[in-house]
Amino acid sequence: MSSEGQLNITKSVIIRNNSIYVDGNIIYEYFKNDNFLNDSYESLDNNYPKFYKMDVLGKLGMLATHLLLKDSDIENHLPSDVGIVLSNSNSSLDADIRYFDSVKSFPSPALFVYTLPNIVTGEISIRYKLKGENAFFISQQFDADWLHFYISHLFQNNKINACIGGWIESIDSDHDVCLFLTERKERKNGINFTPENLNNIYGLGVDVSNIKH
Amino acid sequence: MDKQELMQRLKEQIIKQLKLEGTKPESIGDHDPLFVEGLGLDSIDALELIVLLQQEYKIKLNNAEQGQEVFRSVSTMADFIMERQAKQV
Amino acid sequence: MSQKVYIAGVGIISAIGNNVGENLASLKDGNAGMQQMERLQSVHKDKLPVAEVSLSNDELCSQLKLPNHISRSALLSTVAAKEAISNSGIDIHKWRTGFISATSVGGMDKTENFFTEFLADHQNGDLKNVVNHECGAVTEITADHLGIRDFVTTVSTACSSSANSIFLAARLIRQGFLDVVVAGGTDSLTKFTLNGFNTLMILDSQYCQPFDENRRGLNLGEGAGYLVLVSEKVAESMDQKPEIALSGWCNANDAHHQTASSPDGTGNYLAMKGALKKADLKPADIDYINLHGTGTNNNDIAEGTAIKNLFEGNYPPVSSTKSFTGHTLGASGAIEAVYSVLAIREGLIFPNLRFETQMKELPFAPVTELQHKELRNVMSNSFGFGGNCSSLIFSKVIG
């Protein structure tokens, strides 16, 4: 990246074990078990009624992106200058099962539309009016090297100015989300965009939750 | 069931089927447009309303275009249901 | 100037043929692949025509010598990827070789059974075990069978997935990361997708009529397609240097709706425009567009409007080969990429079957008869749910 200048991770959001962390600091904890997604949305965001219609991946994506972009002035970029690169290991499994279950009584179109993992990238694009490149990869685990390679390439070759990247997974209400914002510009608390730092960010939530529970 | 009762029931069913959290039945006017302006519903919501008609009222629409007329408002939906039910008797 | 990425081989299996030769013959003869459901067991059997691959799972397994618990998507993938490699004549083990595959339904044909058990009794299955049936597993099975280990990944961006896997291959080659990449996608027909598309009310109960004023929807299909993409260095080492390169590509988001395209096809327009820019071509340089052309009301007007706006005054011949194969979802981008390569190689423009009535909003109509013509640059469009829009350009390499 030397010729293009250093890229920066300017914010990160982790959602795990019914807790939400921004830049490694816990900002929301939930002690009940029934309605984490809707309750956290209502206390942190609450400005996008379409949230309630989404599947779990969509809701997680909305929550995490809202926190990621809150003070980012992302709207100052051209729509095509912002990319989205997400990944997980189970595709849209949670939505697949819910839709499959609905078929017994009546197949639901609103559930079916979420049976693709990249619908969450579409939902983020719609809400924030982003028209840059979108990618969704299925990999066994959070792959910092791959995300770093792919996102760096988009900055170099597609001349994007910002990218929402990371991991977004949920099975049986067990959420594992790690989204980060990569930008050309430097910001307070920003760190270098490197695979090592991505691994640190992804691992941080695990450490904290291990201590806590 | 008269039209008033049917419209009340429809409003509750629409809120449930379309997951319109935070919307109260009384806040939906009988003649309010359901799509775009009004409740801001989209084409997937229209398909869910088609499911609702089929599940709750055993009325089948054959194509999505037909929905555009029927789903203009709660009142047009109620008229359509009553008309179809009258035919079935 | 960036180094060229050449197409060294192609492989395909679809409802119109089990290999490249059979597919080409059907395209030339105008033989469509849709008919009444035979393999898929569904309540819609008599109502919704589909485009099924003629080989059964047993036949595919015995052809490949693979065990019969493997999902149909993985079997179709393996057949087509193997053909692409043998068609290229390259010894992939001599080079740094990658496998990039795309799928939207993954091993759903096998997973459906698990879901039934799981939903009946949650104790009966651990959801995490289902991983083996999911999208990534389909790719791993084929990669193992081909013996590709240097780089393997799975793209899942709905109906543009396999177009995306193809340009990702080109990127990895241009970056000097890999020498050879087998890239494409696969999807098999399942009740899951059939019922789902049926709830969206976009399936045609007759044979689909893409880009027709009276179009009614799409027919689902199944299949797999793969390209072998190689670096300049690999191309130079071949007995006969490949004559076709992937020259342009672009992916953009429509940012409009989960499943519907924006009325003027903003994402489609951005993808086609970006691909032209990448290839350093003008709209007038495109000799043929293989349309996404699903046959739904929404897709065809959005795609048509985007073409109208971008190609104003220079409308190239266009056709949708989904009128032959049905919509093969995650495989469609790669299947149509194979057809685009064949179009250049053979000097052919394939017809858009069953076209009758000009769309009143558009100033152009699709090609209805097979045309013989020298083609230099062919564009292939693939647009997916989630607003994911991709466009590829294949070019004849001159000199």
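This is a predicted model: local features need pLDDT of at least 70, side-chain atom pairs count only at pLDDT 80 or more; totals for chains, interfaces and linings use all residues.

Guide: Helix H2(C) passes helix H3(C) in a left-handed crossing. H2 spans residues 57-64 and H3 spans residues 72-88, and they pack at an angle of about 45° with their axes 10 Å apart. Since angles under 35 degrees count as roughly parallel and 65 to 115 as roughly perpendicular, that angle makes H2(C) oblique to H3(C).

Visitor: Which residues of H2(C) and H3(C) make the contact?

Guide: H2(C) contributes Asn57(C), Leu60(C), Cys61(C), Gln63(C) and Leu64(C), while H3(C) contributes Arg72(C), Leu75(C), Thr78(C) and Val79(C). Sorted by class, the contact of H2(C) with H3(C) holds five nonpolar, three polar and one charged residues.

Visitor: At what angle do helices H1 and H2 of chain A pack?

Guide: H1 of chain A, residues 36-44, and H2 of chain A, residues 56-69, pack at about 25°, and their axes are 11 Å apart. That makes H1(A) roughly parallel to H2(A). Their crossing is left-handed. On the H1(A) side, Leu37(A), Ser40(A), Tyr41(A) and Leu44(A) take part, and they meet Val56(A), Lys59(A), Leu63(A), His66(A) and Leu67(A) in H2(A). The residues of this contact comprise six nonpolar, two polar and one charged.

Visitor: May we turn to strands? Which way do the residues of strand S4 of chain C point?

Guide: In a regular strand the side chains alternate between the two faces of the sheet. In the present case, Val180(C), Val182(C), Gly184(C) and Thr186(C) point one way from S4(C), whereas Val181(C), Ala183(C), Gly185(C) and Asp187(C) point the other way. The strand, residues 180-187, is mostly covered, with eight of its eight residues buried.

Visitor: Which strands pair with S4(C), and in what sense?

Guide: Strand S2 of chain C, residues 97-102, runs parallel to S4(C) and is joined to it by six bridges. Within that pairing, Ser101(C) stands opposite Gly184(C). Strand S5 of chain C, residues 223-230, pairs with S4(C) in the antiparallel sense over eight bridges. There, Val181(C) has Leu229(C) as its bridge partner.

Visitor: How many bridges join strand S6(C) to strand S12(C)?

Guide: Nine bridges join them, and the two strands run antiparallel. Asn253(C) stands opposite Asn388(C) in S12(C). S6(C), residues 244-253, is mostly covered, and 10 of its 10 residues are buried.

Visitor: How should I read the places where chains touch?

Guide: The size of an interface is often given as the accessible area lost when the parts come together.

Visitor: Which strand of chain C is joined to S5(A)?

Guide: Strand S3 of chain C, residues 151-155, is joined to S5(A) by two bridges, and the strands run antiparallel. Thr154(C) is the bridge partner of Ile138(A).

Visitor: How many residues of chain C are in contact with chain B?

Guide: Seven residues of chain C are in contact with six residues of chain B. The chain C side has three nonpolar, four polar and no charged residues.

Visitor: What covers the buried residues of helix H7 of chain C?

Guide: The cover includes H3 and H4 of chain A, helix H2 (43-57) of chain B and helix H4 (108-120) of chain C. The buried residues of H7(C), which spans residues 191-199, are Phe192(C), Thr193(C), Gly196(C), Phe197(C), Asn198(C) and Thr199(C). Just after this helix, Met201(C) takes a positive phi of about 55°.

Terms used
Residues are numbered from 1 along each chain as its sequence is written. Chains are lettered from A and ligands numbered from 1 in the order in which they are written. Axes are lines fitted to C-alpha atoms, for helices over the stretch in contact, and angles run from 0 to 180 degrees between N-to-C directions. Helices (H or I, at least four residues) and strands (E, at least two) are DSSP runs, numbered from the N terminus. Angles under 35 degrees count as roughly parallel, over 145 as roughly antiparallel, 65 to 115 as roughly perpendicular and the rest as oblique. A crossing is left-handed if the near helix is turned anticlockwise from the far one by less than a right angle, and right-handed if clockwise. Two residues are in contact if their C-beta atoms, placed from the backbone, lie within 7 Å. Ala, Val, Leu, Ile, Met, Phe, Trp, Tyr, Cys and Pro count as nonpolar, Asp, Glu, Lys and Arg as charged, and the others, Gly among them, as polar. A residue is buried if 20 or more other C-beta atoms lie within 10 Å of its own, exposed if 12 or fewer, and partly exposed in between; C-beta atoms are placed from the backbone. Two strands pair if DSSP finds at least two bridges between them.
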